[in-house]
Amino acid sequence: MGDVPESEVIIDERLIETDFGIYEKRKYYLLGPHMTLYWWKPTIFPKPKSVESTDSMVARSSSFLSELEKKNYKNVLISCHGGIMRALCGYLENEPTGLRWRRPENCEVRVYEYKNGKHRFVRSF
């Protein structure tokens, strides 16, 4: 963890991965058309019954980030899965739906800056 003591690492339940309900732990190619279509275009296709809604993802990630903005941190590292990252990026990039649905690359790092009440995407690698 570098020079950050483990006691200062914060685990926040609002950043857990999207709840896939009955589709949990299944391989993507075995999800079936209903779940595959929803996860491909959640603003067009309805979510399957047991799956967390994108509204829920947006609400919990927005809650986390708006709370974080009130803190006086110099730098923050957020580690999460790709589903919730889509909602975090939607908030940080002021997307009208609250989502930036482009699939993140595995282990992709996105850097944002927050100054004077505004977010700015810096880069990704």
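1. Buried means under 20% relative accessible area, and exposed means over 50%, with partly exposed in between. Arg 14 has a relative accessibility of 18%, so Arg 14 counts as buried. This is a predicted model, and the points below should be read that way.

2. Arg 14 has a charged partner. Arg 14 and Glu 67 form a salt bridge, with 3.2 Å between the closest N and O atoms. Arg 14 sits in the segment before α1 and Glu 67 in helix α2, so the pair ties together parts that are 53 residues apart in sequence. Glu 67 is partly exposed, at 38% relative accessibility, whereas Arg 14 is buried. Asp 12 also belongs here: Asp 12, Arg 14 and Glu 67 are linked in a network of salt bridges.

3. How many salt bridges does the whole structure have? The search finds seven. One of them joins the side chains of Glu 52 and Arg 60, at 2.8 Å from N to O. Glu 52 has a relative accessible area of 12% and is buried. Arg 60 is also at 12% relative accessibility and counts as buried.

4. Another salt bridge links Glu 93 with Arg 100. Their closest N and O atoms are 2.5 Å apart. Arg 100 is partly exposed, at 25%.

5. The largest pocket holds about 1,600 Å³ of space. Its lining counts 47 residues, and the closest to the centre are Ile 78, Cys 80, Met 85, Leu 88 and Arg 110. Which elements give two or more residues to this lining? They are α1 (33-40), α2, α3 and β1 (110-115). The largest share comes from α3, with seven residues. By class, the lining has 24 nonpolar, 15 charged and eight polar residues.

6. The second largest pocket has about 950 Å³ of space. Of its 23 lining residues, Glu 8, Val 9, Ile 10, Val 76 and Leu 77 are the closest to its centre. Its lining is made up of 14 nonpolar, six charged and three polar residues.

7. Ile 78 is among the residues closest to the centre of the largest pocket. Ile 10 and Val 76 are among those closest to the centre of the second largest pocket.

8. Where does Ile 78 sit in the chain? Ile 78 is in the loop between α2 (54-68) and α3 (82-92). Its relative accessibility is 31%, so Ile 78 counts as partly exposed. Patch residues must have over 30% relative accessible area, and the value for Ile 78 is 31%.

9. Two backbone angles need a check. Most residues other than glycine have a negative phi. Lys 25 has a positive phi, near 65°. Lys 25 lies in the segment before α1. Lys 25 is exposed, with a relative accessible area of 85%.

10. The other angle belongs to Asn 116, whose phi is positive and near 50°. Asn 116 is in the loop between β1 and β2 (118-124). At 79% relative accessibility, Asn 116 is exposed.

Key: Residues are numbered from 1 along each chain as its sequence is written. This is a predicted model: local features need pLDDT of at least 70, side-chain atom pairs count only at pLDDT 80 or more; totals for chains, interfaces and linings use all residues. Side-chain values use heavy atoms; hydrogens and water are left out. Helices (H or I, at least four residues) and strands (E, at least two) are DSSP runs, numbered from the N terminus. Buried means under 20% relative accessible area, exposed over 50%, partly exposed in between (1.4 Å probe, protein chains only). On a 1 Å grid over the protein atoms alone, a cavity is a set of points where a 1.4 Å probe fits but cannot get out, and a pocket is an open set with protein on both sides within 12 Å along at least five of seven lines; lining residues have an atom within 4 Å of a point. Grid points are joined across faces, edges and corners, and a volume is the space filled by probe spheres set on the points. Ala, Val, Leu, Ile, Met, Phe, Trp, Tyr, Cys and Pro count as nonpolar, Asp, Glu, Lys and Arg as charged, and the others, Gly among them, as polar. A salt bridge is a side-chain nitrogen of Lys or Arg within 4 Å of a carboxyl oxygen of Asp or Glu.
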